[in-house]
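Please read it alongside the sequence and the coordinates.

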Amino acid sequence: ASFTISLGKVDNITVMIKLRPGVSPSCQIRVKNFIRSELKIKPGENVTFTFTCSTPERYFIMEIQKNIDCVSGPCPFGDVHLYPPRLPRLNRTFIWDVKASTKAGLELQFSAPWLRQIEPGETCPDFISYNINSCIDKATVNIGTFCRNGSVSRVKLLGGVILSLHLPWDSPLTTSGFNIANRASIKRLCIIESILKGESSITLMSPNYPLGFPEDELMTWQFVVPSNMRASVFFHNYSLSNCERKEERVEYYLPGSLSNPEVFKLSDSQPANIAGSFNLSLQGCDQDAQNPGILRLLFQVVVQHPQVDENVTHLVDLSKEWNMTVTIHFEGWPSRIPLMSEPICLICKDPRTCDRVLTLVSGAVYKISFLCKDLSRLRITAEKGISCVDLRWCQRKIYSLLVPKAITQLPIRLHKFIWKLLAPDLINIEIMSPSLKLQQHVPEQRCNTSYSYSIVSATPEMELNVGVFCPGGSIEKIQMRNNITISLKTFGKGFPSESNHQDLKMSFVSHIKDECTFTVSPDPKAKVYLQTPNWPYGLPPYVSISWYVVMPSKQVARLGFSKDRMGITCETGRAYVNIKEETLGAEEIVRREDELLPQPRDTYHGFWVNISNCKPVDKTQLTLQFHVTFADKQIDLGVILAVVAGAGVLTAIGLTVCCVKKKKKKSQNPMVGVYNANVNTQVPRKQGLFTKGRKNNESHVYAVIDDAMVYGHLLKESNGSVAPEVDVYRPFDGPMGSLPPSPPPFSFRKDIKCSSNTEEPPPLTDTDHDTYTFAHQKSGQLEDNGDTTEKNNGDTTEKNNGDTSMSLLENKEQDSLVE
């Protein structure tokens, strides 16, 4: 197809057809017998041409520029037409360059559906866009880029204007959509009129956005708002230039105001709940020539119906609070920014000071109101700090960690209340829940309350997520060594009623040994699940955690672990699980990371569970869970028989001793000694009483052993306790009651790799020199003391037979010879 474009001289129009940027010249223009890649048609020319391809819109664009002189001649007021007609179907840009005096200015009026300003780089849905530039002398200012279907109805400009209309090749648009309405002196850069109908939201930007508003300029936005609607202004993005003189500001002409214009800084909360039409002006300043900076502004105007409860105020009394902030915000804040088109919820602390986010501080009283159709979209987040500087003063004080009623009484859901507890060195924190107690949220025992506490202990070097807890459990108190953050989170709508029963408290205490210590006081009918902090990521290296379980009266507890092993391999140090029952003479159960964890066991007294971590290799982490169940104590028939048998044994021992005494008087033989591994026969002696070690002195050798007198094994079987066999481990020897079992020091937590080397016996204590000091042995074993036992591959075994008595008799005969 061929095209003919005929331009008259008086039209002052130039048409330019050229290749699209970045497109290969696979298609060209044929004019008569000449092939061209570009074609320019000037005023007064008549040109016929064709394209060498069937899809020229893929390769070419078209610009149609019309120059209009409103300075030397009459200004053509009225509609601006798309001219010339019958142009090729190419992407085209119509450009109107209108010259005008700065004393007169121009007014462009747009037909419905008006215009909507967009940010640079944004694309209009129909790909039809307007770009408006103001020309003052030789300077050009970009007023903005606009799409159709908006609220901008008129633009007044100082001086000339360059207006561009971009149309895609398949656009059916046949009119420009604007007219030159008038000339009027405005004495400012521009005036943009926006007509707002019904509930709506619009976004506008300052000229040259985001590059910067011209220096020392003034512009105005006029907003036409129905009298039965309310408008609010929000500044979303702005920056300030460096002023040498004057001050950057915004000015409002508000309906009913007694102090128009009202002046605001760009950093202030802008007016809200405005009843009727108003003006907003932006004033620049004289900028620093060396460092001018950038003045820019992007803001939003929201129009909505008056709210039924806009005159209902809610009293928030924070006058008696200390170091606390309360923030009322929309759901998802601050990670989610609501869309401009979403219905808006406003929080007002006075009729004109409203915003989507409002922060209240302690020490004041507020009267707030809400401009929101759906208050369920609003949330409250509060934060309170508690610190201790002098332990002598704050150790005597108990702080209540309660949500103030000023917050719970608001018709808004509490999202989170955060307590930041700060303690200096050597001062630790204790959290208590005396009446409700706390339940740890674990997979087997999930919280089903309307709120929960997330507890995090932190230092600059390490953060330990202690866990999630809710009321109604068995944990009476938690002691931690570091600063603590407690976050109360709510679920559902039941918190306002349940909040009346909160009993979480905290206090500052002196230094504790472990990173964290739990005191668990279970209900006799409860099954308690407990797990290590930092679940499921594992304990940090070298961290020690303890639990003390208080035993209910007349109950027996059964302790069991959820898995057989710790599941880690240590790179340095050793990991331990220690279990210690709180009763005199109770054994301490110790397991390393390379050993099986203890099987389920019964305890009859309060007990400690301590878990100490090493530095694991690779990515293995220490995560352990254990549970405690309770049952009533039962009288076992076997126990009764054992007691009766034990009494019979003791009676037999007594009778035998009497017989021996009588026999001694008759035969005048030496006294008989009985070896009993479980009876403490230690006699206090002064250190250094014997100059020889036990291997060298004969004080532990008895003169006579009568087979009928050996009852030690019976007593041992009735007791049944076996000392644990552990690697280089310091058994628990601390005071009972308030302290957990001591984990092994890290100096002892090294792997001892040996093939068949014999272990060195532990060093002798001060009492090892005494006459009658016997080490507790395992069943079927005697401790290696240099007398009658030897070690074989690390195992202690008895010498053949029971020839102990014979060797002792031989020693006795040697003693007689010596004497």
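The structure holds nine disulfides, a disulfide being a pair of cysteine sulfur atoms within 2.5 Å. This is a predicted model: local features need pLDDT of at least 70, side-chain atom pairs count only at pLDDT 80 or more, and totals for chains, interfaces and linings use all residues. Residues are numbered from 1 along each chain as its sequence is written, and side-chain values use heavy atoms, with hydrogens and water left out.

| Pair | S–S distance | Angle about the S-S bond | Hand |
|---|---|---|---|
| Cys 124 and Cys 147 | 1.9 Å | -90° | left-handed |
| Cys 243 and Cys 285 | 1.9 Å | -85° | left-handed |
| Cys 570 and Cys 614 | 1.9 Å | -85° | left-handed |

Take the link of Cys 243 and Cys 285, which is left-handed. Cys 243 lies in strand S21 (residues 243–245) and Cys 285 in the loop between strands S25 (278–283) and S26 (286–287), so the link ties together parts 42 residues apart in sequence. Strands are DSSP runs of E, at least two residues, and helices are runs of H or I, at least four, numbered from the N terminus. Cys 243 is partly exposed, with a relative accessible area of 33%. Cys 285 is buried at 1%. Buried means under 20% relative accessible area, exposed over 50%, and partly exposed in between, with a 1.4 Å probe and protein chains only.

The link of Cys 124 and Cys 147 has -90° about its S-S bond. Cys 124 sits in the loop between strands S11 (115–118) and S12 (129–136), and Cys 147 in strand S13 (residues 139–148), 23 residues apart. Both cysteines are buried.

Cys 570 lies in strand S48 (residues 570–572) and Cys 614 in the loop between S52 and strand S53 (615–616), so parts 44 residues apart in sequence are tied together. Cys 570 and Cys 614 are both buried.

Now to strand S49 (residues 576–581). How many of its residues are buried? Six of its six. In a regular strand, side chains alternate between the two faces of the sheet. Tyr 576, Asn 578 and Lys 580 are buried on one side of S49, and Val 577, Ile 579 and Glu 581 on the other.

S49 runs antiparallel to strand S50 (residues 588–592), joined by five bridges; strands pair if DSSP finds at least two bridges between them. Val 577 has Arg 591 as its bridge partner in S50. Six residues lie between the strands of this hairpin, where Gly 585 takes a positive phi near 80°. S49 also pairs antiparallel with S52 (residues 607–612), over six bridges. There, Tyr 576 is bridged to Ser 612.
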